[in-house]
Amino acid sequence: MAEILTTAHNAKRMYRFDLTQRLVARLTKNEAVVGGIGHTNFDLWSAGHRAQNFYMLGSMGLAIPIALGVALAQPDRKVFALEGDGSLLMQLGCLATVATLAPKNLTILVMDNGVYQITGGQGTPAAGGADYAAIARGCGLPNAGWAADEADFERLVQQCLETDGPHFIGLKLDDQGPVTQTERDPVQIRDRFMRGMGAKKSKLPG
Amino acid sequence: MESAGRAWHQIVIDVLKANEVRLIPYVPDNVLKPLIAGIHADPFFEAFTVAREEEAVGIVAGAVMAGRRGMVLMQTSGFATLANVLASLPCAYQIPVLMMVSERGTLGEFNIGQAAVWRTMRPTLESLAMPYHVVTRLDECEFVVDRTIRQAHLTQQPAALILSPLLTGGKSVTPKVVAQ
């Protein structure tokens, strides 16, 4: 076990796009990834579109519930929710729901930069010291924790892929912005994702 | 349509099963109690409470996109929390998220909070251009619920079913006068 416990205070601040690329590189079994509103899904898009990616363009706070729905519908597929800290604050109750239903195939990644980056970097109301991994543990996800650095993140992702969840990894971010923007065409995003999930078959190309 | 002596909640359960609607996240309501109890008693369904109605809309949206149908149960006040997520998720992405709303705030409501929020429901549904039907009669219940669910899936659109106190009896001012 790690000699030093990783906490919200000593976790390395990392680059969201780098972490997203590292996650995507480890996905070899058509795992589903739901990218939360804003820069979280922008960087998922920038990491290279996959048919199993869903990009939110609104409904702030629903990345984890959407991923939970996918996980319940397809228990044999691993599902990742990428959610921002401000977004999670809007829907904290969903952590209790996840703990109660305990889907083995769900992993929650919280991208915590402490600010609403897309609206100009205003601080979130968690500035007083709210610790998302501690909140998750309090909701009934006992293994929730922070990634110490990039290598630790890769180790934790691999653990999520190889063991039963639900898993929760907190990621402290630096202040770098997103690489590009997601193409905002919700119907096309939904159509591609359904095909990626095998839930829709169509002779229309795409 | 023949209701064959079934209560409204049994009709709803039969129609949900016939349409393969299995996933039922909900925020509870007194009027929905017999429906919720019947759904929990039937292993066909996966039913559970959520903290907020928004969360349930997200869960059903995700499940539908992954091939599993679902319906959210709530009361009028819960519906009033949903405009943003309905507009930006099931409406924008064209995902057939089904909702069943127990209509509080009308026809004998005792709680002024419920009565006040009731006034927002139809204008919200209208402004979202979301298909909805109000179920008022037992003999129409099967037809309205079944056809609304079918159309939602056939046209890839969310839809709401409002259960009127005319159907359910509602939640009365004094429990004594409720005809069971």
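This is a predicted model: local features need pLDDT of at least 70, side-chain atom pairs count only at pLDDT 80 or more; totals for chains, interfaces and linings use all residues.

Me: In what order do the strands of the open sheet in chain A stand?

Reply: Helices (H or I, at least four residues) and strands (E, at least two) are DSSP runs, numbered from the N terminus. Two strands pair if DSSP finds at least two bridges between them. In chain A, six strands form an open sheet with parallel pairing, in the order β2-β1-β3-β4-β8-β7. The edges are taken by β2 (53–55) and β7 (145–146) of chain A; each has a single partner strand, so one side of each is left without a neighbour in the sheet. Further in, strand β1 (residues 32–35) of chain A runs parallel to strand β3 (residues 79–84) of chain A, joined by four bridges. Ala32(A) has Val79(A) as its bridge partner in β3(A).

Me: Which strands pair with β4 of chain B?

Reply: Strand β3 (residues 69–75) of chain B pairs with β4(B) in the parallel sense over five bridges, and strand β6 (residues 159–163) of chain B also pairs with β4(B) in the parallel sense over five bridges. Met74(B) has Val101(B) as its bridge partner in β4(B), whereas Ser102(B) stands opposite Leu163(B) in β6(B). Strand β3(B) also pairs in the parallel sense with strand β1 (residues 21–26) of chain B, over three bridges; there Val21(B) stands opposite Arg69(B).

Me: Which way do the side chains of β4(B) point, and are they buried or exposed?

Reply: In a regular strand the side chains alternate between the two faces of the sheet. Leu98(B), Met100(B) and Ser102(B) point one way from β4(B), and Met99(B) and Val101(B) point the other way. Buried means under 20% relative accessible area, exposed means over 50%, and partly exposed lies in between (1.4 Å probe, protein chains only). In strand β4 (residues 98–102) of chain B, five of its five residues are buried. Six of the seven residues of β3(B) are buried, so β3(B) is largely enclosed by the rest of the structure.

Me: Which residues touch the most other members of the largest nonpolar core?

Reply: A nonpolar core is a set of buried Ala, Val, Leu, Ile, Met, Phe, Trp, Tyr and Cys residues joined through side-chain atoms within 4.5 Å. The largest one has 91 residues, and those touching the most other members are Phe54(A), Phe153(A), Phe168(A), Leu171(A), Phe79(B) and Met99(B). Helix α3 (residues 63–73) of chain A gives the most to this core, with nine residues. A second, separate core of 29 residues includes Val21(B), Leu35(B), Phe44(B) and Val144(B).

Me: How many residues does each chain bring to the contact between chain B and chain A?

Reply: Contact means heavy atoms within 4.5 Å. Chain B brings 27 residues and chain A brings 30 residues. Buried area is the accessible area (1.4 Å probe) that two parts lose on being put together, summed over both. Between chain B and chain A this area is about 2100 Å², of which carbon and sulfur atoms give 66%.

Me: Which side chains meet in salt bridges, and how many such bridges are there?

Reply: A salt bridge is a side-chain nitrogen of Lys or Arg within 4 Å of a carboxyl oxygen of Asp or Glu. One salt bridge joins Asp112(A) and Lys172(A) (2.7 Å, N to O). Asp112(A) lies in strand β4 (residues 106–112) of chain A and Lys172(A) in strand β8 (residues 167–172) of chain A, so the pair ties together parts that are 60 residues apart in sequence. Asp112(A) is buried at 4% relative accessibility, and Lys172(A) is buried at 8%. Another joins Glu150(A) and Lys12(A) (2.9 Å, N to O).

Me: Which residues of chain A does UniProt annotate as "transmembrane region"?

Reply: UniProt positions are given in the numbering used here, feature names are shortened, and annotations may be inferred rather than shown by experiment. The UniProt annotation "transmembrane region" (unreviewed entry) covers residues 54–73 of chain A. In the model, this span is 55% helix and 10% strand, and its end C-alpha atoms lie 15 Å apart.

Note on methods
Residues are numbered from 1 along each chain as its sequence is written. Chains are lettered from A and ligands numbered from 1 in the order in which they are written. Side-chain values use heavy atoms; hydrogens and water are left out.
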